[in-house]
Amino acid sequence: MVALDDLDGLLNGQKIAYFSMEIGVASEIPTYSGGLGVLAGDTLRSSADLKLPVVAVTLLCKKGFFRQELTSEGKQIEYNQDWVVSNFMKVLSQEVTVLIQDRIVKIQAWLYQVKSLTGGVVPVFFLDTDVEENTPEDREITSYLYGGDQKYRIKQEIVLGIGGVRMLDALGFNVRKYHINEGHASFLALELLQKHGMIPEKVRDLCVFTTHTPVESGHDKFSYDLVKDVLDGTTDMNVLKTYGGVDVLNMTLLALNLSKYVNGVAKQHQWVSKRMFIGYEIHAITNGVHSYTWTGESFQKLYDQYLPGWANEPELLARVVDGIPNQEIWSAHQKQKELMIDYANSLTKANLDYDVFTMGFARRATEYKRAYLLFSDLERLRNIGKKHKIQLIFAGKAHPRDTQGKRLIEQLFNYANQLKPDIKMVYLPNYDVDMAKKLLGGVDVWLNTPLKPLEASGTSGMKAAHNGVLNFSVLDGWWLEGWIECITGWSIGSHPDDCIENPDCITKEIADIYNKLEYVILPTYYERLDEWTRMMKNSISKIAYYFNSHRMMRRYVTEAYL
Ligand SMILES: *Cc1c(COP(=O)(O)O)cnc(C)c1O
């Protein structure tokens, strides 16, 4: 065990405390499920690079999210991802407690340090209830990410929000702002309210809230019966109802009412959120990704050569367009693509080819992402594939309790079989950040077909752009800001401003997918390599230079933290 005062310098000055239910700090640490956790990791990596005074709090997730295996029919099998915590982190001697169902639950913290080559360090505290004095049930609170039922979830959120504030106090941090990353962490505002004499203005001055969910049903809500059963009995229910909603405790509302600065994660998401929460001032800070992390090795070398310093100043990527010869862009891409194809072939029997147009789609397998949209008319797709060769690479985990998501994976396996031998298609098992780096660095086109307006931002297309990969996507989330038709990529379906009825909207989306593939994308790829490479450079210089987490963090600093 180490006491924090062994750790030089971490306590100096005022801190921004970033709270997130999931954080992907490293590929070996499986405490994330998807975009939210990876974004949190990129946030901290950029904070370390920029030497921002950030500390972070999350849950340990000792059993990981889960490791996915797929049977030959595409049935998902889930395994725990036990990982050896002490290989990566040190347990601290400070302990705090929270009251849950009138039991005292002890919490310890593990320290992980996100270290940058610039010398910046961001400490991350992983909260852990697996200590001897706790009951067996309480020891499990920090075992699973999004596991269990509502009761399990609210206990996790108590540990994160209330326990997290207490832990930072116990460690001796002086916190200037608490950043609530999604409503899971909103209980921290309740704890601050108790700490500051129930004066909401004081809490608001301290809190920044980022919402990530553009649908009502996606927000965490708990019945007051459950809240009364689980939460510390001294909590005044009337106070909670004042800020968290009268009928149920809505964690988003709690954060909205107790944060001075609130933002959505793209301009479109700000617009949607304003309509969902009438009367709140909601800003927009569009997400970004950590440039160095998400740029493949061949492109890293190219940028190092032509644009030294790009990793800590991704704005320099704007100069790619005039600065790097087409041929070098193409060969960097081809190198990364071949590595990816070798990798995919090592995992499957598909025998993919280096020189065939390859389109990728990988993200959480959940209904609104609509991985099936490309297959709406299999014969049309097959015929396009007969004209110009196509390969498809898919991946993604379904949440263990999302039966619809699991069926979706089986459905894709079925499509892959039906498309044989005209179109080669693989669904790779166990999508994670390591696989994401390979796929996003190596495909020719990255496909995204979410149901509007459910993609708050999306980030994987930004990762693709860092590698000159072209986006082909529904106009939702960040793509509305990154898209310039035939310059940075291609749109699918109508612009959200062109209000049309849902069924027509889907018809147009499907028509765009096939028509653009057949008449624009594939002919450009196979017949006009110069034009294709020019678009790749645009993807880097007009997307990656802006949609990175360095720009995002500078905006959080100047607009939300200071
Ligand atoms: C970036 C990333 C995501 C998010 O993908 P979206 O397409 O933005 O939903 C999910 N999972 C992993 C492993 C990622 O790296």
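Where does isoleucine 423 lie? Isoleucine 423 sits in the loop between helix H15 (403–419) and strand E16 (424–428); helices (H or I, at least four residues) and strands (E, at least two) are DSSP runs, numbered from the N terminus. The structure is a predicted model, in which local features need pLDDT of at least 70 and side-chain atom pairs count only at pLDDT 80 or more, while totals for chains, interfaces and linings use all residues. Residues are numbered from 1 along each chain as its sequence is written, and side-chain values use heavy atoms, with hydrogens and water left out.

Isoleucine 423 is buried, at a relative accessible area of 1%; buried means under 20% relative accessible area, exposed over 50%, and partly exposed in between (1.4 Å probe, protein chains only). Another cis bond joins lysine 452 and proline 453, with omega about -5 degrees. Proline 453 belongs to the loop between strand E17 (445–448) and H17.

Most peptide bonds are trans, and most residues other than glycine have a negative phi. Asparagine 351 has a positive phi, near 55 degrees, and is found in the loop between helix H13 (326–347) and strand E14 (357–362). Asparagine 351 counts as exposed, at 51% relative accessibility. Cysteine 486 has a positive phi as well, about 65 degrees, and lies in the loop between helix H18 (479–482) and strand E19 (489–492).

Now for the cysteines. With a disulfide taken as a pair of cysteine sulfur atoms within 2.5 Å, the count comes to zero. For cysteine 486, the nearest cysteine sulfur is that of cysteine 505, 20 Å away. Cysteine 486 is partly exposed, at 37%, whereas cysteine 505 is buried, at 11%.

The ligand comes next. It is surrounded by 14 residues, the closest being Arg363, Lys369, Thr459, Ser460 and Lys463; a residue is near a molecule if one of its heavy atoms lies within 4 Å of it. The shell divides into five nonpolar, five polar and four charged residues, where Ala, Val, Leu, Ile, Met, Phe, Trp, Tyr, Cys and Pro count as nonpolar, Asp, Glu, Lys and Arg as charged, and the others, Gly among them, as polar. Oxygen atoms of the ligand lie 2.6 Å from a polar side-chain atom of lysine 369, 2.7 Å from a backbone N or O atom of threonine 459 and 2.5 Å from a polar side-chain atom of serine 460. Taken alone, the ligand exposes 380 Å², and the protein buries 95% of that (Shrake-Rupley method, 1.4 Å probe). Helix H1 (35–49), helix H16 (433–442) and helix H17 (460–465) are the elements that give two or more residues to the shell.

Aspartate 512, in helix H19 (residues 502–527), is buried at 10% relative accessibility, and its side chain reaches the backbone nitrogen of glycine 493 at 2.8 Å. Helix H20 (residues 529–544) spans 21 Å from its first C-alpha to its last, close to the 22 Å expected at 1.5 Å times one less than its number of residues. H20 is mostly covered, with 12 of its 16 residues buried, including Trp532, Met535 and Ile540.

Note on methods
Polar contact = N/O pair within 3.5 Å; in protein donor to acceptor, adjacent residues only side chain to side chain.
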